[in-house]
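Dear colleague,

Please find below the structure I promised to pass on to you, together with its sequence. My notes on what was found in it follow, and I would be glad if you read them alongside the coordinates.

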Amino acid sequence: MSRPSIVRAFFAFEIPDAVKARLGTARDGVKRTLPVARWTRAEGWHVTVKFLGEQPRGLLEKVACDVGPRVAGRGGVTATLTGGGFFPSPAKPRVAWIGGSTTGADPIVEIIEAAAVRVGLPAERRPWSVHLTMARIKTRWPDDAVDRYLEWAHDLEAMRFVCSNVVLFESRLQPGGAVYTALERIPLE
């Protein structure tokens with residue numbers, strides 16, 4: 001079977017399995033108390049750096065080759081997951097997310113953004129922020145459910161980890177949710 005020439009792709013920082021397991025256990029507790037939503041699978045959790053959309057495989061390889069030497073030797077990115085919210089807002093919750101912060105990510109984000117723009121991809125209109133999608137909400141949650149999620153996210157024990165790579169992922173949309181495959185791991189150290 002040949003590989004498709006057009007690939008839906010993005011750059012991201014991977015979340016270690018141990019952190020996914022801890023967060024998954026915590027999430028499963030609050031999930032039982034909330035209305036129906038499409039909850040994301042732990043194996044797909046990541047912190048997106050730049051969504052590239054559907055692009056020719058050759059263009060993605062070009063971006064990765066541009067990024068590689070520019071991020072090499074910059075050192076790992078320390079990420080902390082804690083807190084959360086909703087897109088577009090708690091008043092109109094469509095996506096529930098976990099937030100956080102990073103140390104060392106900003107130069108990596110800027111390098112990837114510049115490499116994407118150099119090959120003709122559109123620049124991001126919004127500033128980059130740490131967020132991990134937990135659930136997609138189809139039917140509006142009542143205010144008490146929104147408050148319960150926000151309280152849970154606020155009280156969530158901070159989960160810290162170090163990313164030694166930035167990863168170019170392929171995203172294949174499936175009926176059960178997106179499946180992510182690492183196309184290239186670009187070392188930061």
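**Thr-40 and its surroundings**

The side chain of Thr-40 reaches the backbone oxygen of Thr-133 at 2.8 Å. Please bear in mind that this is a predicted model, in which local features need pLDDT of at least 70 and side-chain atom pairs count only at pLDDT 80 or more, whereas totals for chains, interfaces and linings use all residues. Residues are numbered from 1 along each chain as its sequence is written, and side-chain values use heavy atoms, with hydrogens and water left out.

Thr-40 also makes, through its side chain, a polar contact with the side chain of Trp-45 at 2.7 Å; a polar contact is a pair of N or O atoms within 3.5 Å, where within protein one must be able to donate a hydrogen and the other to accept it, and where residues adjacent in sequence count only if both atoms are side-chain atoms. Thr-40 lies in the loop between strand E2 (38-39) and E3; helices (H or I, at least four residues) and strands (E, at least two) are DSSP runs, numbered from the N terminus. Is Thr-40 buried or exposed? Thr-40 is buried, because its relative accessible area is 18% and buried means under 20% (exposed is over 50% and partly exposed lies in between, with a 1.4 Å probe and protein chains only). Once its neighbours within four places in sequence are left aside, Thr-40 is in contact (heavy atoms within 4.5 Å) with Arg-27, Trp-45, Thr-133, Met-134 and Ala-135.

**Confidence**

The mean pLDDT of the protein chain is 95, and 98% of its residues reach 70 or more; pLDDT is the predictor's confidence in each residue, from 0 to 100.

An open sheet of 4 strands runs in the order E3-E1-E8-E9 with antiparallel pairing, where two strands pair if DSSP finds at least two bridges between them. Its edge strands are E3 and E9, each of which pairs on one side only, and the twist averages 30 degrees from one strand to the next. Angles here run from 0 to 180 degrees between N-to-C directions, with axes being lines fitted to C-alpha atoms, for helices over the stretch in contact.

Within this sheet, E1 and E8 pair in the antiparallel sense over 4 bridges, and Phe-10 stands opposite Phe-169 in E8. H2 packs on the sheet, touching E1, E3, E8 and E9, and its direction makes about 140 degrees with that of E3. H3, for its part, lies across E1, E3 and E8 and runs at about 5 degrees to E3. E8 and E9 are antiparallel and joined by 10 bridges, with a hairpin connecting them through 2 residues; Leu-173 stands opposite Ala-178 in E9.

The residues of H2 that are buried are Arg-57, Leu-59, Leu-60, Val-63, Ala-64, Asp-66, Val-67, Gly-68 and Val-71, and these pack against strands E1 (6-14), E3 (46-56), E8 (165-174) and E9 (177-187) and against helix H3 (105-118). Just after H2, Gly-73 takes a positive phi of about 80 degrees.

**Strand E4**

Strand E4 (residues 77-89) is antiparallel to strand E7 (residues 159-163), to which 5 bridges join it, and in E7 the bridge partner of Ala-79 is Phe-161. E4 also pairs in the antiparallel sense with strand E5 (residues 92-103), over 10 bridges, and a hairpin joins the two through 2 residues; Gly-84 has Ile-98 as its bridge partner in E5.

Gly-85 is found in E4 and is buried, with a relative accessible area of 5%. Not counting residues up to four places away in sequence, Gly-85 touches Val-95, Ala-96, Trp-97, Tyr-149 and Leu-150. Gly-85 and His-131 are 46 residues apart in sequence, while their C-alpha atoms are 9.1 Å apart in space. Pro-88 also lies in E4, and the peptide bond that joins Phe-87 and Pro-88 is cis, with omega about -5 degrees.
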